[in-house]
Amino acid sequence: MAILPRCPRPSHPLVGLRCPSRRPLLGAVASALVGSACQGAGGGPGVPRLPSVVDPASPNAAALASFTWLLHAIMALVFTGVLATLLYVAWRFRARPDREPRLIFGNTRLEIGWTVAPALVVLAAFLLSLYLITTVDAPPSAAGAATESAGPPLNVVAIGRQWWWEYQLLEHGVVTANELHLPLGRPVRLELRADDVIHAWWVPQLSGKRDMIPGIANVLWFTPLQAGVFGGACAEFCGIQHAWMRIRVVVESPQEFQTWLEQQARPAAPPRSPEAQRGEQLFTAVGCAACHAINGRVQATAEAGPNLTHLASRATLGAGVLENTPENLARWLRNPQDVKPGNSMPATALTSDQVAALTAYLTELR
Ligand code: CUA
């Protein structure tokens, strides 16, 4: 199973790293215009839907999609009008050997017209944007989007870090990384924070993008109305691994979500196999515990890295850079700098024996 969404057009910007295109610019433009053509192209469970602003799965995203179409319709109208006029004028006033063109000095009515008309279009787009911002930013109940029976809003704190996402569901005692599960139909209040530099959280099917700024807590409200796995990405350049801050949101039934929540809130089980037991000892001995906590087993000195309590339950490693398999985990442990250059995890000096033990331990953390 590929970790990246598969797309019939290999030129899609989000698969560019895996499916190089000979015409990346054309591909990017085409994808931006007809992003929805890729929808569900991956098929198969666990493959995220390709991010698209015109494939909404929440009321806010639907409002943004309608606005996107409206703006494109206005642009198409202006483009067609200008082009048609240009072609007509070029034909109507084409050079003729027998006639000198008449000289014209100014036309006040025309000049006022071509100044005021575009200004009105821009003003209309501005006022519509303002209206849209107020509706999209409001809590779902105020926007009339919440289903009363869905329960109170789910509070999630999302923290952008270099280069991964931390998710805290504090009322439920859950801290996890890179993969967020959400219940279908329940309003979500996503509080956005940053630890180091500015990031931006963006899952186009669920909401607009919003910056995560150190020292400031921004908020996104949305109500997921379609089940599925949604892909997103960091939308603010934040360093050399900016492209590898993939977001994975799993929207599932309230029952499935509850199961996930309870599983994530449980402390880690003690290691079972002898190799995994050795792995747990190594985890502290070789210094992993300096940054990574494993609830109930290992306390981190400083929680600078992702909480690994249920690492094996996540689909990817390194915020989407690798599919989460034992082989890839071992590859990461051997040299994280080789997989994701510049990330905060230093190059390790582990023997292959140690890598095997740590892999055995971490893959037991379901
Ligand atoms: Cu984080 Cu770009």
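Figure 1. At 1% relative accessibility, Ala319 counts as buried (buried means under 20% relative accessible area, exposed over 50%, partly exposed in between, with a 1.4 Å probe and protein chains only). The model is predicted: local features need pLDDT of at least 70, side-chain atom pairs count only at pLDDT 80 or more, and totals for chains, interfaces and linings use all residues. Residues are numbered from 1 along each chain as its sequence is written, and side-chain values use heavy atoms, with hydrogens and water left out. Ala319 sits in the loop between E11 and strand E12 (322-323); helices (H or I, at least four residues) and strands (E, at least two) are DSSP runs, numbered from the N terminus. Although Ala319 is not a glycine, its phi is positive, about 55 degrees. Most residues other than glycine have a negative phi, and most peptide bonds are trans. Thr316 belongs to strand E11 (residues 316-317) and is buried at 14% relative accessibility. The Thr316 side chain reaches the backbone nitrogen of Gly320 at 3.2 Å.

Figure 2. Asn178 lies in the loop between strand E3 (174-177) and E4. Its phi is near 65 degrees, a positive value in a residue other than glycine. Asn178 is buried, with a relative accessible area of 9%.

**Figure 3. The largest nonpolar core.** A nonpolar core is a set of buried Ala, Val, Leu, Ile, Met, Phe, Trp, Tyr and Cys residues joined through side-chain atoms within 4.5 Å. The largest one has 31 residues, of which Val156, Leu169, Leu190, Trp201 and Val249 touch the most other members. Elements that give two or more residues to this core include strand E1 (154-161), strand E9 (228-234) and helix H4 (254-265). The largest share, 4 residues, comes from E5. A second, separate core of 28 residues includes Ala268, Cys288, Val339 and Met345.

**Figure 4. Strand E9 and its partners.** Of the 7 residues in E9, 6 are buried. Two strands pair if DSSP finds at least two bridges between them. E9 pairs with strand E6 (residues 199-202) in the antiparallel sense over 2 bridges, and Ala233 in E9 is the bridge partner of Trp202. E9 and E10 also pair in the antiparallel sense, over 6 bridges; here Phe230 has Val249 in E10 as its bridge partner.

**Figure 5. Salt bridges.** The structure holds 9 salt bridges, each a side-chain nitrogen of Lys or Arg within 4 Å of a carboxyl oxygen of Asp or Glu. Arg161 and Glu166 form one with the closest N and O atoms 3.4 Å apart, and both residues are buried. Together with Asp195 they are linked in a network of salt bridges. Another joins Arg278 to Asp353, with the closest N and O atoms 3.2 Å apart. Arg278 lies in helix H5 (residues 274-285) and Asp353 in helix H8 (residues 352-362), so this pair ties together parts that are 75 residues apart in sequence. Arg278 is partly exposed at 33% relative accessible area, and Asp353 is partly exposed at 48%.

Definitions and conventions
A polar contact is a pair of N or O atoms within 3.5 Å; within protein, one must be able to donate a hydrogen and the other to accept it, and residues adjacent in sequence count only if both atoms are side-chain atoms.
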